Amino acid sequence: MDRRKFLFSLAACPACASAAMAESAAPHWEYEGERGVAKWGELDSRFKACAVGSEQSPIDLTRGIRAKVEDLSFNWKPQAFDVINNGHTIQANVEDGSALAIGKTTYGLKQFHFHTPSEHAIGGKRTAMEAHFVHATSDGRLAVVGVLMIAGAKHKAFSEIMQVAPKKEGEAKLKAALDPRSFLLKSRHFYRYEGSLTTPPCSEIVDWNVFEKTIEVAAADIEAFRAVFPMNARPLQEINRRFLLRGL
């Protein structure tokens, strides 16, 4: 398996990620302990970017430059998603047919998953959770949409996901179709920057688009997620010489 295909399978193709890991003997990693974030870059030569990369994610979304950026055009379809506990997060796998267009480039929605606390911060403050919607082109270009989540009113879609989410590694299926567009905000102001995967191999191949505003989800559903994954967020990374754009 060549490097691009390996990175693509890990980031955007959950159905083949396990096979890619097994074929390449990629090591197990964790968020804390001997295989925690501070050691990711030492676990495998392919994880080197985790330690030495200069365009790593997540970052503090502060001091964004106001700019006119290409809009996000969503064409996500309702689906009875397969819900996976992969040992690192709760993830919903997406069938072909849902897409995101940024300018003239169209990316297929491959999966979405969750982190607690949020991986990105605004003004140094993280929210309770963050959802990542992972999109890819056929040649492995990635675009991830981040949605910050806070405790508040019940969010029907997130609640339905947490009701079926396996408490141990495994897979379940939603009983009815769920519309992923319910995670989108009415205010479409967002931050955009060039970054990386927030998990090994930390490849710097991601166009990040993180909404400025938050959505509310039930506190009970946040706690249900934390009961399975008490913490699965990478520490903030330096922005270095990158441009952080804040859409008008």
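Modeller: In this predicted model, H88 sits in the loop that links β3 (82-85) to β4 (90-93). Its relative accessible area is 17%, and the cut-off for buried is under 20%, so H88 counts as buried. Leaving aside residues up to four places away in sequence, H88 touches H28, W29, Y31, F229 and N232. G103 is 15 residues from H88 in sequence, and the C-alpha atoms of H88 and G103 are 32 Å apart in space.

Next, the pocket. Rolling a probe the size of a water molecule over the atoms shows where empty space is left. The second largest pocket holds about 160 Å³ of space. Its lining includes A67, K68, V69, D71, L72 and F74, and R188, H189, F190, F211, G247 and L248 also belong to the lining of this pocket. By residue class, the lining of the second largest pocket has 7 nonpolar, 2 polar and 3 charged residues.

Last, the helix packing. Helix α5 (residues 156-164) and helix α6 (residues 219-228) have axes that come within 10 Å and cross at roughly 35°. The crossing of α5 with α6 is left-handed. On the α5 side the contact is made by F158, S159 and M162, and on the α6 side by D221, I222, A224 and F225. The residues of this contact between α5 and α6 comprise 5 nonpolar, 1 polar and 1 charged.

Definitions and conventions:
Residues are numbered from 1 along each chain as its sequence is written. This is a predicted model: local features need pLDDT of at least 70, side-chain atom pairs count only at pLDDT 80 or more; totals for chains, interfaces and linings use all residues. Side-chain values use heavy atoms; hydrogens and water are left out. Helices (H or I, at least four residues) and strands (E, at least two) are DSSP runs, numbered from the N terminus. Buried means under 20% relative accessible area, exposed over 50%, partly exposed in between (1.4 Å probe, protein chains only). Contact means heavy atoms within 4.5 Å. On a 1 Å grid over the protein atoms alone, a cavity is a set of points where a 1.4 Å probe fits but cannot get out, and a pocket is an open set with protein on both sides within 12 Å along at least five of seven lines; lining residues have an atom within 4 Å of a point. Grid points are joined across faces, edges and corners, and a volume is the space filled by probe spheres set on the points. Ala, Val, Leu, Ile, Met, Phe, Trp, Tyr, Cys and Pro count as nonpolar, Asp, Glu, Lys and Arg as charged, and the others, Gly among them, as polar. Axes are lines fitted to C-alpha atoms, for helices over the stretch in contact, and angles run from 0 to 180 degrees between N-to-C directions. A crossing is left-handed if the near helix is turned anticlockwise from the far one by less than a right angle, and right-handed if clockwise.
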